[in-house]
Amino acid sequence: MSRLHLHLISDSTGETLENIAKAAIAQFDDVEVVRHFWPMVRSESHLDRIMAEVEASPGMILFTLVSGELRASLERRASAQGLPTVPALDAVTDALSRILGQEAKARPGRQHVLDAAYFRRVDAIQFTVAHDDGIGAENWEEADIVLAGVSRTSKTPTSIYLANRGYKTANIPIVPESPPPERLYDLKRPLVVGLTTGLDRLVQVRRNRLLSLNQAPETAYVDEDRVKAEIAFARRMFADNGWPVIDVTRRSIEETAAAVIKLVEDRAG
């Protein structure tokens, strides 16, 4: 297995840089990547300390620095150590600059300004956490999205991911023995989306959940006939109400959320 030291140097929080690195690393197999994270780098003295660490663990340097002086200093020092440097956003910024006919504004952390979108995300996260697993039904009309599905169809993690994208999301478990409140069928503002999954996968996920809780792995919760009936019950409910359905069997949380967002956008326009 190959081993690589990857130094991530940012003049802001480094969140963007981390996501870029994570996406790129995922494209390679049998590689052990040791990430060294250096956020809020805005002075030469800070860069001095970092380069001493880089020299001790040499590797590739991925950076987002808008200060021309800091960039030049970093590239000069890395070159002296024979290390590659990659400016993570330059290609995209340069392309946008050409298309838009204007120079990019060199402002560290500009994407993290506390603007209206930021506060919408905070509001969405607070709403979503307060309306998890069927809680707060009286406020569902305020939601952008309501996710419905039987137990262990990734409702909560998908809701949190959507909240981080700025969507107020409530979720409700579909249990044949305990039908949801009638208000679910009268919602006008939110888009109600049904989540379903394959029988085998659902049984396995539930069994793993029981084991993680040190509970008996063979209960009605994982009985195939019972689980099959739950899935059928939920699907009938979705069909009867004309709600769109997403099968999460082979989808990651991100893929499911992307499909939900596409439904919201299609509905809007």
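Predicted model: local features only at pLDDT ≥ 70, side-chain atom pairs only at ≥ 80, totals over all residues.
Tutor: Residues are numbered from 1 along each chain as its sequence is written, and side-chain values use heavy atoms, with hydrogens and water left out.

Student: Happy to start. Why is Ala148 called buried?

Tutor: Buried means under 20% relative accessible area, exposed over 50%, and partly exposed in between, with a 1.4 Å probe and protein chains only. Ala148 has a relative accessible area of 0%, so it is buried. Its place is in strand β5 (residues 145-149); strands (E, at least two residues) and helices (H or I, at least four) are DSSP runs, numbered from the N terminus.

Student: What is Ala148 in contact with, leaving aside neighbours within four places in sequence?

Tutor: Contact means heavy atoms within 4.5 Å. By that rule Ala148 is in contact with Lys155, Ile172, Ile174, Val193, Gly194, Leu195 and Phe238.

Student: Now for pairs. How do you know that Glu44 and Arg77 form a salt bridge?

Tutor: A salt bridge is a side-chain nitrogen of Lys or Arg within 4 Å of a carboxyl oxygen of Asp or Glu. The closest N and O atoms of Glu44 and Arg77 are 2.8 Å apart, which meets that rule. Glu44 lies in helix α2 (residues 44-56) and Arg77 in helix α3 (residues 68-80), so the pair ties together parts that are 33 residues apart in sequence. Glu44, at 33%, is partly exposed, and so is Arg77, at 23%.

Student: What makes Arg189 and Asp144 a salt bridge?

Tutor: Their closest N and O atoms are 3.0 Å apart. Arg189 lies in the loop between β6 (169-173) and β7 (191-196), and Asp144 in the loop between α5 (116-130) and β5, so this pair ties together parts 45 residues apart in sequence.

Student: Where do Lys262 and Asp266 lie?

Tutor: Both lie in helix α9 (residues 253-268), 4 residues apart, about one turn of the helix. Lys262 is partly exposed at 45%, as is Asp266 at 44%.

Student: How many salt bridges are there by this rule?

Tutor: The count comes to 9.

Student: What makes Val92, Leu96, Ile99 and Leu100 a patch?

Tutor: Patches are made of residues with over 30% relative accessible area and no salt bridge; nonpolar side chains (Val, Leu, Ile, Met, Phe, Trp, Tyr) are joined within 5 Å and like charges within 9 Å. These four form a nonpolar patch on the surface, with about 430 Å² of accessible area together. Leu96, in helix α4 (residues 90-100), has 45%, so it passes the area cut-off.

Notes. Areas by Shrake-Rupley, 256 points an atom, 1.4 Å probe, with all protein chains shown as cover.
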